[in-house]
Amino acid sequence: MPAPSSRQLLVGVRAAGLNPVDFKTRRGDLRVVQRYRLPVVLGNDLSGEVVACGDQVRRFRVGERVFACVARDTMGAFAQFAVVDEELAAVIPASIDFATAAAIPVAGLTALQALRDELHVSKGQRLFISGGAGGVGTFAIQLARRLGTQVATTASPRGEALVRQLGADLVIDYTRERPASVLSGFDGAFDLLGGDTLKQAFAIVRPGATVVSVAGMPEPDAASNGPGRGPGLQALFWIGSFSLRRCARRHGARYRYLFMHPSGPDLSELGRLVDANALEVVIDSVHSFEHIADAMAKLESGRAKGKIVVTMTDVP
Ligand SMILES: NC(=O)c1ccc[n+]([C@@H]2O[C@H](COP(=O)([O-])OP(=O)(O)OC[C@H]3O[C@@H](n4cnc5c(N)ncnc54)[C@H](OP(=O)(O)O)[C@@H]3O)[C@@H](O)[C@H]2O)c1
């Protein structure tokens with residue numbers, strides 16, 4: 001049983017959301033940016049009930065329904081009980097069930113912070129979002145459309161109907177066409193894939209525009225906002241992102257990498273939008289916790305449409 005410190009909540013977990021960072025952590029892919037003392041309990045997204053509060057917790061009470069992306073240096077959401085820093089949690093609006101709430105944090109926060117803080121999207125702009133049918137993309141398309149931005153996205157025929165229903169104005173079937181051969185002059189790009197698609201994004205945006213990735217190689221400035229701020233990290237990112245930054249310069253574009261940061265206030269904002277039916281949480285599938293390995297394998301296949309969630313008991 002984890003013990004909450006003075007500013008933490010002990011949460012009885014009812015549901016947990018799965019994210020690619022979970023299997024990347026399990027595989028050790030992220031050791032360069034974040035090291036854990038093993039053994040460690042995986043999992044970042046949770047929803048549940050507060051069962052105990054640290055003595056300095058002011059904003060939550062025992063019995064309240066909360067959701068959170070837990071602190072990345074501890075994780076721990078894939079368990080019956082987890083501790084959450086008070087400032088990272090938010091109350092779940094009454095209209096939202098536990099499974100839906102657990103699907104929101106990492107993907108919703110990433111989309112919100114990229115569009116608001118890095119891309120500064122606004123009405124009348126045109127935004128390219130790669131990989132629109134997944135967890136982050138389904139939030140990003142809707143949030144961009146809400147801000148009055150036109151959205152072009154990539155999806156296979158498996159995801160096309162979904163991204164159109166969420167508001168995408170233009171859908172490129174990436175199995176048949178290269179986005180850079182059909183799109184140009186965009187005001188920004190949000191990359192969820194990295195690799196060649198990220199390189200194409202620089203050709204899609206107009207000079208002076210920003211390309212934000214959460215899947216490519218981080219650039220040096222990201223080292224100060226990211227996890228595990230080791231002294232060598234900035235240098236490593238400088239080297240690793242050299243060809244991306246050169247590609248950005250060639251097109252007159254700006255390259256930014258975003259490390260999402262957990263935030264209770266941002267989560268409250270997302271909860272309000274979902275409660276007001278202004279934001280749909282797209283759920284690919286809900287599994288019982290006993291089948292989390294199958295759920296993770298499904299996510300790892302890279303084909304999820306929206307979010308994959310596990311529930312601790314048969315909760316609605
Ligand atoms: N830096 C951060 O803080 C941060 C935060 C959140 C996420 N991320 C990263 O962002 C990435 C996306 O996360 P996610 O949760 O959205 O992943 P996800 O839910 O697993 O994405 C799956 C979706 O990607 C689509 N897809 C796969 N290959 C594609 C391609 N070549 N072109 C277009 N779509 C493609 C699939 O559609 P089809 O089946 O139609 O192919 C599927 O619907 C991951 O790498 C994750 O680690 C980073």
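**Chat about the ligand site and a helix pair**

Biologist: Which residues come nearest to the ligand?
Modeller: Ser-156, Tyr-174, Arg-303, Ala-304 and Lys-305 come nearest, out of 26 residues around the ligand. Keep in mind that this is a predicted model.

Biologist: And what does that shell look like by class?
Modeller: The shell around the ligand has 15 nonpolar residues, seven polar and four charged.

Biologist: What about backbone atoms, say of Leu-258 and Met-260?
Modeller: For Leu-258, a backbone N or O atom sits 2.9 Å from a ligand nitrogen atom. For Met-260, a polar backbone atom is 2.8 Å from an oxygen atom of the ligand.

Biologist: How much of the ligand does the protein bury?
Modeller: The protein buries 86% of the 940 Å² that the ligand exposes when taken alone.

Biologist: Which elements give two or more residues to the shell?
Modeller: Those are H1, helix H3 (105-118) and helix H4 (135-146).

Biologist: Switching to H1, then. At what angle does it pack with H11?
Modeller: About 100°, with the axes of H1 (residues 20-27) and H11 (residues 292-300) 9 Å apart. Angles of 65 to 115 degrees count as roughly perpendicular, so H1 and H11 are roughly perpendicular to each other.

Biologist: Which residues meet there?
Modeller: From H1, Pro-20, Asp-22, Phe-23, Arg-26 and Arg-27; from H11, Met-296, Leu-299 and Glu-300. By class, the contact of H1 with H11 has four nonpolar and four charged residues, and no polar ones.

Conventions
Residues are numbered from 1 along each chain as its sequence is written. This is a predicted model: local features need pLDDT of at least 70, side-chain atom pairs count only at pLDDT 80 or more; totals for chains, interfaces and linings use all residues. Side-chain values use heavy atoms; hydrogens and water are left out. Axes are lines fitted to C-alpha atoms, for helices over the stretch in contact, and angles run from 0 to 180 degrees between N-to-C directions. Helices (H or I, at least four residues) and strands (E, at least two) are DSSP runs, numbered from the N terminus. Angles under 35 degrees count as roughly parallel, over 145 as roughly antiparallel, 65 to 115 as roughly perpendicular and the rest as oblique. Contact means heavy atoms within 4.5 Å. Ala, Val, Leu, Ile, Met, Phe, Trp, Tyr, Cys and Pro count as nonpolar, Asp, Glu, Lys and Arg as charged, and the others, Gly among them, as polar. A residue is near a molecule or strand if one of its heavy atoms lies within 4 Å of it. A polar contact is a pair of N or O atoms within 3.5 Å; within protein, one must be able to donate a hydrogen and the other to accept it, and residues adjacent in sequence count only if both atoms are side-chain atoms. Accessible areas come from the Shrake-Rupley method with a 1.4 Å probe; for residues, only the protein chains shown count as cover.
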